[in-house]
Amino acid sequence: MLNLEPYWLPYTANRAFKSDPRIIESAQGFYYKTRDGRTVLDSFSGLWSTGLGHCHPRIVKAVQDQVARLDYAAAFQVSHTGAFELAEKVINFAPDGFDHVFFTNSGSEAVDTALKIALGWHRVRGEGTRIKLIGRERGYHGVNFGGMSVGGIPGNRKMFGNAMLPNVDHLPHTLDLEHNAFSKGQPGWGLHLADELERIVALHNAENIAAVIVEPVAGSAGVLVPPLGYLERLREICTRHGILLIFDEVITAFHRIGTPFGCQRFGVMPDIITTAKGITNGVIPMGAVLVSDAIYQSFMSGPEHAIEFFHGYTYSGHPVAAAAGLAALDSYVEEDIGSRVAELEPFFEGALHALRDAPHVIDIRNFGLMGAIEMAPRPGAPGARGMEAHVKCFEQGLMVRHSTDTLAFSPFLTFTADLLGQTFDTVRRVLDAID
Ligand SMILES: Cc1ncc(COP(=O)(O)O)c(C=O)c1O
């Protein structure tokens with residue numbers, strides 16, 4: 001008998017889960033196998049993380065070989081080959097202008113690292129008054145104090161009261177069902193919301209603001225796609241005021257929206273990129289922060305024996321994570337994942353939006369291989385309908401992610417049109433069956 005009590009599950013309704021557990025025993029390709037022997041189709045690529053499929057043979061082998069050769073190397077003042085090789089590969093994968101990589105173990109750590117780089121960069125350049133950080137409502141930047149503070153999903157903040165970083169403000173989010181419900185791709189409405197940054201700059205003064213951080217497409221809040229021209233406008237305002245623009249690409253990098261990094265799809269270049277998840281195909285925890293040579297070089301002053309940036313993790317650039325990352329990046333290229341996503345995207349959009357007339361549905365949104373179906377909440381019980389849909393889908397052999405009453409989809413980058421059809425047939429059956 002498996003004792004369920006000791007484990008406190010993250011972001012989970014623990015009591016409901018423990019009375020009706022959904023336990024995964026193994027995975028292969030597009031499918032999970034549960035402890036009670038059922039096969040479940042994964043519509044979410046792990047947690048936006050495992051786009052190349054579960055137990056990808058090349059990554060499995062790389063990890064097995066690496067752990068038997070070098071399990072761990074001290075991360076401070078010494079290093080190992082794999083970390084350098086992966087940094088170079090990530091840079092080759094990234095858009096021009098990104099030249100250096102700082103490794104972390106998660107997206108949350110990548111975000112907090114990026115915020116610290118932004119603050120440090122202004123300070124080493126003699127602009128130490130720039131300490132304000134601007135996030136966005138409904139943004140998700142992980143769960144550490146920096147990311148939580150610039151994040152804007154109310155439920156993630158409420159329990160922790162005023163324990164946020166003090167110097168933070170937020171842009172408004174861009175979802176307005178009156179104006180942009182059922183948009184396919186980027187909504188035409190909402191560009192003016194980027195101009196709110198000018199209002200925030202006027203309020204706080206540019207010389208006090210360090211950085212703006214946004215997800216190019218907000219994922220965890222239920223796939224909020226930037227209005228046409230919105231990211232371009234943010235870029236232009238940041239540049240004009242000397243504010244660093246950070247794109248949190250924990251989800252959008254590694255072909256989730258087609259191009260290697262999301263910024264390439266939009267043609268808008270930030271100053272700093274954070275990423276995680278797909279960097280190792282979710283196999284070993286790892287995150288990364290990408291910066292330009294100009295930012296890196298600004299820190300490279302002072303005596304040569306001195307540490308330039310007082311920051312790092314015991315597991316930064318971990319050998320086994322680096323091996324997984326090297327194998328994953330080779331696979332993205334050799335399996336021509338960019339073209340496969342481009343082919344799949346129209347099928348995904350079509351299958352998702354075909355649910356427009358299903359019960360409870362009040363909005364459908366998509367971009368690249370990110371999609372969401374928003375349901376009306378049950379009166380007085382927000383989240384209950386989403387939870388029931390998740391559980392019922394799982395019972396019918398489909399893993400679907402929900403946050404409150406929004407179902408989110410992140411199909412495998414190598415998925416097929418048939419399996420998309422199967423996915424949304426199950427979702428429709430479940431929506432037809434629930435109150
Ligand atoms: C945009 C974004 N930033 C940060 C994070 C946090 O990443 P992690 O859960 O690896 O800490 C996530 C996780 O989904 C994310 O989507």
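In this predicted model, Leu 86 counts as buried because 26 C-beta neighbours lie inside 10 Å, where 20 or more are required for that class. Leu 86 belongs to helix H4, which covers residues 81-93. When residues up to four places away in sequence are left out, Leu 86 touches Ala 322, Gly 325 and Leu 326. Between Leu 86 and Ala 211 the separation is 125 residues in sequence, and their C-alpha atoms are 27 Å apart in space.

The domain assignment divides the protein into two parts: domain 1 is made of 14-55 + 336-433, and domain 2 is made of 61-334. The centres of the two domains, taken over C-alpha atoms, are separated by 26 Å. Domain 1 brings 30 residues to the contact, and domain 2 brings 28 residues. On the side of domain 1 that touches domain 2, at least two residues each are supplied by helix H2 (45-48), helix H14 (337-353), strand S11 (361-367), strand S12 (370-375) and strand S15 (406-409). Helix H14 provides the largest share of this side, with seven residues. By class, the residues on this side of domain 1 comprise 13 nonpolar, 11 polar and six charged.

The largest nonpolar core was examined next. This core holds 117 residues, and within it Ala 118 and Val 212 touch the most other members. In soluble globular proteins, nonpolar side chains tend to be buried together. For Val 212, again not counting residues up to four places away in sequence, the residues touched are Ile 134, Leu 197, Leu 234, Cys 238, Ile 243, Leu 245 and Ile 246.

The ligand has 14 residues around it, of which Ser 106, Gly 107, Ser 108, Gly 142 and Val 250 come nearest. Helix H5 (residues 107-124) makes the largest contribution to this shell, with three residues. The shell is divided by class into five nonpolar, seven polar and two charged residues.

Methods. Residues numbered from 1 in each chain as written. Predicted model: local features only at pLDDT ≥ 70, side-chain atom pairs only at ≥ 80, totals over all residues. Domains from an automatic or database assignment. Contact = placed C-beta atoms within 7 Å. Helix = DSSP H or I, 4+ residues; strand = E, 2+ residues; numbered from the N terminus. Nonpolar A, V, L, I, M, F, W, Y, C, P; charged D, E, K, R; others polar. Near = placed C-beta within 6 Å. Core = buried A, V, L, I, M, F, W, Y, C linked by C-beta atoms within 7 Å. Buried ≥ 20, exposed ≤ 12 C-beta atoms within 10 Å, placed from the backbone.
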